[in-house]
Amino acid sequence: MQASATATTRALCASSTTWLATAHVPHLLHDAGAHVTFLGPHGAWPLKGRFVDRHVAAEGSPAEVARALGDHLATGESYDWVIIGDDPLLAALATLRAEPWVPGVLPIEPDAVRHGLLGTKVGFVRACGALGLPSPWSRVCRGKPAIEAAVRELGRPALIKEDGFSGGEGCHRVATVRDVRALPDAIGTAEVVVQEFVTGQMHSLEALYDRGHLRALLTSRVVRAWPAPYGPSAVRRFEHDDALVTFAEQIGRVVGVHGFGNITVIRGDDGRLVLIELDPRPNAVFHLGDALGVPMSDALRAILARAPIAPPAHLARGTDVEVPLFPGDVLRCVLEGDLGGLAAWTLNLDGRWRFLPQDDPKLLAAYRVHIVRALARHLLPSPVRTFAMQVPRTLGRLREATAQLRRASVDSKIRSALTRTNPS
Ligand SMILES: Nc1ncnc2c1ncn2[C@@H]1O[C@H](COP(=O)(O)OP(=O)(O)O)[C@@H](O)[C@H]1O
Ligand SMILES: [Mg+2]
């Protein structure tokens, strides 16, 4: 753990999962001059890097982590900013929105309409409709007959989205009522989104908002998604795009988002821009801003300092940089057996290593372990795999036990020194 001596502001990032999304948040906040507390499970990615100053352990379900966050804040700890790092925790907090401390930690005012934007696909679609956001034709349905009726009403291909999933899981493209009937029956039991399938160019936006005002934005085209076709992006083309900057500004104003906004937009074949997703939380791409000339830490510093609102930072006009994302694209190469891709990563083709967290060797080492584990899961026969998985865990436990012994021995030395200097 590293303490930041000059920190004057205090930020807390909370997560109920071990998603990669929050891996770089401590580094960004540290560079923005904040003392960083992480609240969440031991295995979480923020703890694998070197920029968390303090860890408040919180394990269990999202509801339990939400409770732990409330208990922690009730102890009188105060923060300039609390960042909620994942969708399940956002959704859990949305259900607690009547509690007085909850609105203060949410990135969106959880009013009767907007609370739907917190961690649920069904709520998102309802809120988009109520707020008049430019989203595709959508219906919320429960039960196969209702889904079939919606697909019939639309009369064009649709994407059915089950709630509670992310990374493209639970998405099913259907063209006809017969396709709906072929889906697993479980899909009919909970509310799902039936949405017009929009053909066109997929864009991903990383936006930083200051109480609804856009402070910084990365605009990109998704070149490759993995797992295809609906998974997270593995290769992006970062390009300046005026229309997307204006779009992100408008969304921020209407929704009133504060902090990180992880946005998916489709530019349809007819040229219209439609909002597919706005996750008001970090993802593991924001830190690329520094290498692309959009320093996100400056925007975070301005947000923390409540600096006057200024025009948003965005990519320079003419920017056009293809970036294979780490570690997603490496995992893709490993699991798809893409030897050319692996060679490109090994040989630092196109200078791709400059997008890696080079100033955080601890995080880089954790990524390496993550990749080797994925490789092992993919390649090794099961008994060997079980053994191989145990090795890093056992080494970790050994390291922790050694550190505890060392701390205990330091404690006893301090105690005996105190007894010597201050006998009572
Ligand atoms: N209406 C749509 N038309 C075409 N493709 C879509 C549509 N909605 C989503 N997708 C595709 O499916 C992916 C996953 O959908 P999304 O709503 O972003 O859920 P997730 O939370 O799983 O990322 C998107 O990234 C996009 O590629
Ligand atoms: Mg998405």
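**Ligand shell and fold**

Modeller: By class, the shell around ligand 1 has 11 nonpolar, 5 polar and 3 charged residues. Keep in mind that this is a predicted model.

Colleague: Which residues come nearest to ligand 1?

Modeller: Ser166, Gln195, Val198, Tyr230 and Glu277 do, out of 19 residues around ligand 1.

Colleague: And which strands each supply at least two residues of that shell?

Modeller: Four to look at: β6 (158-162), β8 (191-196), β12 (259-268) and β13 (273-279). In domain terms, domain 2 (137-196) and domain 3 (200-325) each give the shell at least three residues.

Colleague: Zooming out, how many helices and strands are there in the protein?

Modeller: 13 helices and 14 strands. The protein has 424 residues, and 39% of them count as buried.

Colleague: What share of the contacts between residues at least 6 apart join residues at least 24 apart?

Modeller: That's 65%.

Colleague: OK, the core. Which residues touch the most other members of the largest nonpolar core?

Modeller: Ala14, Leu93, Val194, Leu208 and Ala248, in a core of 100 residues. Helix α3 (residues 87-95) makes the largest contribution to this core, with 6 residues.

Colleague: Take Ala248. What is Ala248 in contact with, leaving aside neighbours within four places in sequence?

Modeller: Leu205, Ala207, Leu214, Leu217 and Ile263.

Colleague: Switching to helix α5 (residues 144-154): which of its residues are buried?

Modeller: Ile147, Glu148, Ala150 and Val151 are the buried residues of α5. They sit on the same side of α5, because they cover an arc of only 160° around the axis.

Colleague: Why would a helix sort its residues like that?

Modeller: An α-helix has 3.6 residues a turn, so residues three or four places apart point the same way.

Colleague: Which residues are exposed on the other side of α5?

Modeller: Pro145, Arg152 and Glu153.

Colleague: And what do the buried residues of α5 pack against?

Modeller: They pack against β5 (138-142), β6, β7 (171-174), α6 (177-181) and β8. Two of those, β6 and β8, also turn up among the strands that supply the ligand 1 shell.

Colleague: Where is Pro227 found?

Modeller: In the loop between β10 (213-225) and β11 (233-239). Pro229 lies in the loop between β10 and β11 too.

Colleague: Why flag those at all?

Modeller: Most peptide bonds are trans, and most residues other than glycine have a negative phi. On the phi side, Arg306 is positive at about 50° although it is not a glycine.

Colleague: Is Arg306 buried or exposed?

Modeller: Arg306 has 10 other C-beta atoms within 10 Å, so it is exposed. The cut-off for exposed is 12 or fewer. Arg306 lies in the loop between α9 (296-305) and β14 (320-324).

Colleague: What about Asn348: what is its phi?

Modeller: Positive, about 55°, and Asn348 is not a glycine. Asn348 is in the loop between α11 (339-346) and α12 (361-379). Asn348 counts as exposed because it has 11 C-beta neighbours inside 10 Å.

Terms used. Residues are numbered from 1 along each chain as its sequence is written. Chains are lettered from A and ligands numbered from 1 in the order in which they are written. This is a predicted model: local features need pLDDT of at least 70, side-chain atom pairs count only at pLDDT 80 or more; totals for chains, interfaces and linings use all residues. A residue is near a molecule or strand if its C-beta atom, placed from the backbone, lies within 6 Å of it. Ala, Val, Leu, Ile, Met, Phe, Trp, Tyr, Cys and Pro count as nonpolar, Asp, Glu, Lys and Arg as charged, and the others, Gly among them, as polar. Domain bounds come from an automatic or database domain assignment. A nonpolar core is a set of buried Ala, Val, Leu, Ile, Met, Phe, Trp, Tyr and Cys residues joined through C-beta atoms within 7 Å. A residue is buried if 20 or more other C-beta atoms lie within 10 Å of its own, exposed if 12 or fewer, and partly exposed in between; C-beta atoms are placed from the backbone. Two residues are in contact if their C-beta atoms, placed from the backbone, lie within 7 Å. The arc is that of the directions from the helix axis to the C-beta atoms.
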